[in-house]
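Take a look at the fold first, and then we can walk through it topic by topic.

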Amino acid sequence: VTGVQTCARPILYHVVVAGLVTHGCVQATCNGAHELGYDVVLVKDAHSNYDAKARDVIDEWNEKLSHGIVQLQATADVDFQSAQALRQPAISPPTGR
């Protein structure tokens, strides 16, 4: 997320997360982006892991992260055009320099 922080501000306000491994990179990206002030959407059916009980791990982390860290959305509900049109910052863009 550090690379995102340095090169994407002030044009990036929302982060949509999907990927592999739920309890590794996915949760770390969600937490890191949230800590930096981004609005974070976790695509609840677009992340996974190698655990024998993958579905349980996914459900557990969807639940944990949905408490103030991310907004959960299904793949079918992710709308990049609407997000682009909103262009509302999660935090105030940096000033000066």
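Helix α3 lies across β2 and β3, and its direction makes an angle of about 170 degrees with β2. Please keep in mind that this is a predicted model.

- Three strands make up an open sheet, in the order β1-β2-β3, with parallel pairing.
- β1 and β3 (71–73) are the edge strands, each of them pairing on one side only.
- On average, neighbouring strands of this sheet are turned by 30 degrees against each other, direction ignored.
- Six bridges join β1 and β2 in the parallel sense.
- As a general point, strands of a sheet pair through backbone hydrogen bonds, either parallel or antiparallel.

**Helix α2 and its surroundings**
- Together, β1, α2 and β2 form a right-handed β-α-β unit.
- α2 spans residues 22–35, which is 14 residues.
- From first C-alpha to last, α2 reaches 18 Å, close to the 20 Å expected at 1.5 Å a residue.
- Buried residues in α2 are Thr22, Val26, Gln27, Cys30, Gly32 and Ala33.
- The cover over these buried residues of α2 includes β1 (14–20), β2 (39–48) and α3 (54–65).
- Just after α2 comes glycine 37, with a positive phi of about 95 degrees.

**A closer look at glutamine 27**
- Glutamine 27 sits in helix α2.
- Is glutamine 27 buried or exposed? Glutamine 27 counts as buried because its relative accessible area is 18%, and buried means under 20%.
- Leaving aside residues up to four places away in sequence, glutamine 27 touches Thr22, Trp61 and Leu65.

**The nonpolar core**
- Which residues form the largest nonpolar core? There are 12 of them: Val15, Val17, Val26, Cys30, Ala33, Tyr38, Val40, Leu42, Val57, Trp61, Leu65 and Val70.
- β1, α2, β2 and α3 are the elements that give two or more residues to this core.
- In soluble globular proteins, nonpolar side chains tend to be buried together.

Methods: Residues numbered from 1 in each chain as written. Predicted model: local features only at pLDDT ≥ 70, side-chain atom pairs only at ≥ 80, totals over all residues. Heavy atoms only, no water. Helix = DSSP H or I, 4+ residues; strand = E, 2+ residues; numbered from the N terminus. Expected span 1.5 Å × (residues − 1). Buried < 20%, exposed > 50% of the residue type's maximum accessible area, 1.4 Å probe, protein only. Contact = heavy atoms within 4.5 Å. Core = buried A, V, L, I, M, F, W, Y, C linked by side-chain atoms within 4.5 Å. Pairing = 2+ DSSP bridges. Axes fitted to C-alpha atoms, helices over the stretch in contact; angles between N-to-C directions. Right-handed = clockwise from strand over helix to strand, strands pointing away.
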